[in-house]
Amino acid sequence: LPFAFCLAAHAAAPTDAEIREAYHKSYRYEKAQNYTDAIKALSPVVTAYPAGYTVNLRLGWLNYLTGGYATARKHYEAAIKTAPDSIEAKLGHTLPLLAQEKWEEAEAVAKQVLRVDPSNYLANLRLAYALRLQKKFDAAEQLLGAMLVLYPTDVSLLTEFALIKLAKDNKADAKRLFNDVIVLDPENVTAKAQLSKL
């Protein structure tokens with residue numbers, strides 16, 4: 001069996017074909033935005049392999065999509081326990097943490113990723129977000145300045161940078177950055193709303 005299912009089963013293990021079908025059903029339900037059934041489709045897999053990496057990673061994502069943030073966190077934590085060096089599991093874990101406004105925990109997880117992969121785009125972006133919402137504006141600004149050297153026209157980075165400038169009451173720089181965002185993404189909701197205020 002692949003790595004995802006290599007741990008000893010705690011129940012009658014489904015066959016390889018049954019596992020594949022469970023995943024295929026789950027992906028089909030997700031595509032239809034039926035996240036509850038996408039989760040249910042994986043029930044036989046997670047029952048048989050409660051510590052399985054892939055199934056916990058996927059259930060973390062699906063529960064995040066449903067707004068079941070506490071459950072999502074449990075699944076991501078299970079995936080990390082099985083594969084402690086996994087960057088994807090840690091990045092996934094930041095999503096429910098941010099959604100629950102657990103800024104310090106999200107900061108800590110993002111920093112774990114950055115110790116391994118200092119230029120990781122998502123880890124830097126999510127860390128900057130968590131820092132801003134803790135009012136650690138200088139640290140967030142420094143982080144984003146470095147990332148914008150690598151991704152000068154990235155709308156998400158520019159928007160976050162503009163929000164930090166605004167939080168620091170640097171309205172001129174914020175306005176310039178939001179205008180840059182509008183050039184790149186004319187329908188950007190955040191930039192349009194902030195520019196109307198500025």
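Helices are DSSP runs of H or I with at least four residues, numbered from the N terminus. Good morning. The structure is a predicted model, in which local features need pLDDT of at least 70 and side-chain atom pairs count only at pLDDT 80 or more, while totals for chains, interfaces and linings use all residues. Residues are numbered from 1 along each chain as its sequence is written, and side-chain values use heavy atoms, leaving out hydrogens and water.

I turn to salt bridges, where a side-chain nitrogen of Lys or Arg lies within 4 Å of a carboxyl oxygen of Asp or Glu. The whole structure contains 14 of them. In one, arginine 73 meets glutamate 77 at 3.9 Å, N to O. Because these two residues are four apart in helix H5 (residues 69–82), about one helical turn separates them. For accessibility, buried means under 20% relative accessible area, exposed over 50%, and partly exposed in between, with a 1.4 Å probe and protein chains only. Arginine 73 is buried at 16%, whereas glutamate 77 is partly exposed at 36%.

What is the distance between the closest N and O atoms of arginine 58 and glutamate 30? In this salt bridge it is 2.8 Å. Arginine 58 lies in helix H4 (residues 53–66) and glutamate 30 in helix H1 (residues 16–31), so the pair ties together parts 28 residues apart in sequence. Arginine 58 is buried, with a relative accessible area of 8%.

Salt bridges with shared partners join Asp138, Glu141, Lys165, Lys168, Asp173, Arg176 and Asp180 into one network.
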